[in-house]
Amino acid sequence: MIRAAGVAEVTDTDFETEVLASELPVLVEFTADWCPPCRQMGPVLTALAAEEGERLKVVQLDVDTNPLTTNAYKVLSMPTFMVFRDGEPVRSMVGARPKRRLLEELTDVL
């Protein structure tokens, strides 16, 4: 998987620990190597992780190697972004978007 710099990768194995049990809200990008819009989100996620790191944890999950989590949250399109707070998904967004728009969509969950 092509990882964004400064963005952790989560798996089916550690999803509960890293995402559901996190004290901070977590933005999960459900991504895949074969997805061009996912690749273009790399720099956006890197910048977001750097700027909002104290308020928001940013992680990526490869849908091809983590089918349990992908299916559990009914993720069908890439990229899908989900925000989890206190172990629950509170926001879901599908498709690549510029950083400014992503930040606007995150304001009420941060």
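Three aromatic pairs are counted in this predicted model, where rings of Phe, Tyr and Trp (its six-membered ring) pair if their centres lie within 6.5 Å. Planes under 30 degrees apart count as stacked, over 60 as edge-to-face and the rest as tilted. The rings of F15 and F84 are edge-to-face, because their planes stand at 85 degrees, with the centres 5.5 Å apart. This pair joins distant parts of the chain, 69 residues apart, with F15 in helix α1 (residues 15-20) and F84 in strand β4 (residues 80-85). Helices (H or I, at least four residues) and strands (E, at least two) are DSSP runs, numbered from the N terminus.

F84 also pairs edge-to-face with Y73, at 5.0 Å between centres and 80 degrees between planes. Y73 lies in the loop between α4 (67-72) and β4. With a relative accessible area of 21%, Y73 is partly exposed, whereas F84 is buried at 1%; buried means under 20%, exposed over 50% and partly exposed in between (1.4 Å probe, protein chains only). Together, F15, Y73 and F84 form one aromatic cluster.

Turning to the helices, α3 (residues 42-52) and α5 (residues 99-106) pack at about 50 degrees, with axes 10 Å apart. Axes are lines fitted to C-alpha atoms, for helices over the stretch in contact, and angles run from 0 to 180 degrees between N-to-C directions.

Residues are numbered from 1 along each chain as its sequence is written. Local features need pLDDT of at least 70, side-chain atom pairs count only at pLDDT 80 or more, totals for chains, interfaces and linings use all residues, and side-chain values use heavy atoms, leaving out hydrogens and water.
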